[in-house]
Amino acid sequence: MQHATFGAGCFWCVEAVFQNLKGVEKVVSGYTGGRIANPTYKEVCSGLTGHNEVIDITFDPAVISYKELLEIFWKTHDPTTLNRQGNDVGTQYRSGIYYHNDEQKQLAEEYKKKLNDNQAFPNPVVTEILPAPAFYPAEDYHQNYFNLHGHEPYCQFVARPKVEKVKALFGEKLKAGV
């Protein structure tokens, strides 16, 4: 098993995008990249900790590759907005790839360069690509959020469209019954 760590806005949405993929064993919402250990959600939301809301994915590279995870990452959020995803604004919502080895770093940098060289988006990609710093799991009530609270307005209007996009673009990569 390997790990991938991505920040792409609110971790509720990002978790929902990745947790139903074949080869993904576990997705944990949490925080990384900040100045304090074991931050709380309230502290991270203040924007003062430097932490980013991220997900840590445990995956089987024999079933789904890191490159495939990157493709889904790039296609399910706006990597061109600095410290923002939709109405979620602040450094805790920045686009980020936190690599766990040199191969992940190389693949992420090559993909970002390709997107910018081909002008895949109207604006340049601003996703930060950094070595994976310490990861702190978010509080229990943030885990598996979309599956437990999918009826709530935020999930309906923000997370559900991302989940539907994954189904439409990557349906063959979804676990059976999803």
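Student: Which residue of strand S6 stands opposite Gly7?

Tutor: Gly7 stands opposite Gly96 in S6, where helices (H or I, at least four residues) and strands (E, at least two) are DSSP runs numbered from the N terminus. The pair belongs to the antiparallel pairing of S1 and S6, which extends over four bridges; two strands pair if DSSP finds at least two bridges between them. This is a predicted model, in which local features need pLDDT of at least 70 and side-chain atom pairs count only at pLDDT 80 or more, while totals for chains, interfaces and linings use all residues. Residues are numbered from 1 along each chain as its sequence is written, and side-chain values use heavy atoms, with hydrogens and water left out.

Student: In what order do the six strands form the sheet?

Tutor: The order is S7-S6-S1-S3-S2-S8, in an open sheet with mixed pairing. S7 and strand S8 (135-137) stand at the edges with a single partner strand each, so one side of each is left without a neighbour in the sheet. From one strand to the next the twist averages 35°, with axes taken as lines fitted to C-alpha atoms (for helices over the stretch in contact) and angles running from 0 to 180 degrees between N-to-C directions. Within the latter pair, Val28 stands opposite Asp56 in S3.

Student: Which strands does helix H3 touch as it packs on the sheet?

Tutor: H3 touches strand S1 (2-8), S2, S3 and strand S6 (95-99), and its direction makes about 10° with that of S1; contact here means heavy atoms within 4.5 Å. H4 also packs on the sheet, touching S1, S3, S6 and S7, and its direction makes about 150° with that of S6.

Student: How should I read the two faces of S6, and which residues lie on each side?

Tutor: In a regular strand the side chains alternate between the two faces of the sheet. In S6, Ser95, Ile97 and Tyr99 lie on one side and Gly96 and Tyr98 on the other, and all are buried, a term that means under 20% relative accessible area, with exposed over 50% and partly exposed in between (1.4 Å probe, protein chains only). Ile97 stands opposite Ile129 in S7, and its contacts beyond four places in sequence include Phe6, Leu70, Phe73, Ala108 and Thr127.

Student: Which residues touch the most other members of the largest nonpolar core?

Tutor: In soluble globular proteins, nonpolar side chains tend to be buried together. Here the largest nonpolar core has 44 residues, of which Phe6, Phe18, Leu21, Ile57, Leu69, Leu70 and Ile97 touch the most other members; such a core is a set of buried Ala, Val, Leu, Ile, Met, Phe, Trp, Tyr and Cys residues joined through side-chain atoms within 4.5 Å. Helix H1 gives the most to this core, with seven residues. H1 (residues 11-18) is largely enclosed by the rest of the structure, because eight of its eight residues are buried, and Glu15 is one of them.

Student: What does the side chain of Asn52 reach?

Tutor: Asn52 lies in strand S3 and counts as buried because its relative accessible area is 0%. The side chain of Asn52 reaches the backbone oxygen of Arg94 at 3.0 Å. Thr127, in the loop between helix H4 (102-117) and strand S7 (128-131), is likewise buried at 0% relative accessibility, and a polar contact of 2.6 Å joins its side chain to that of Ser95. A polar contact is a pair of N or O atoms within 3.5 Å; within protein, one must be able to donate a hydrogen and the other to accept it, and residues adjacent in sequence count only if both atoms are side-chain atoms.
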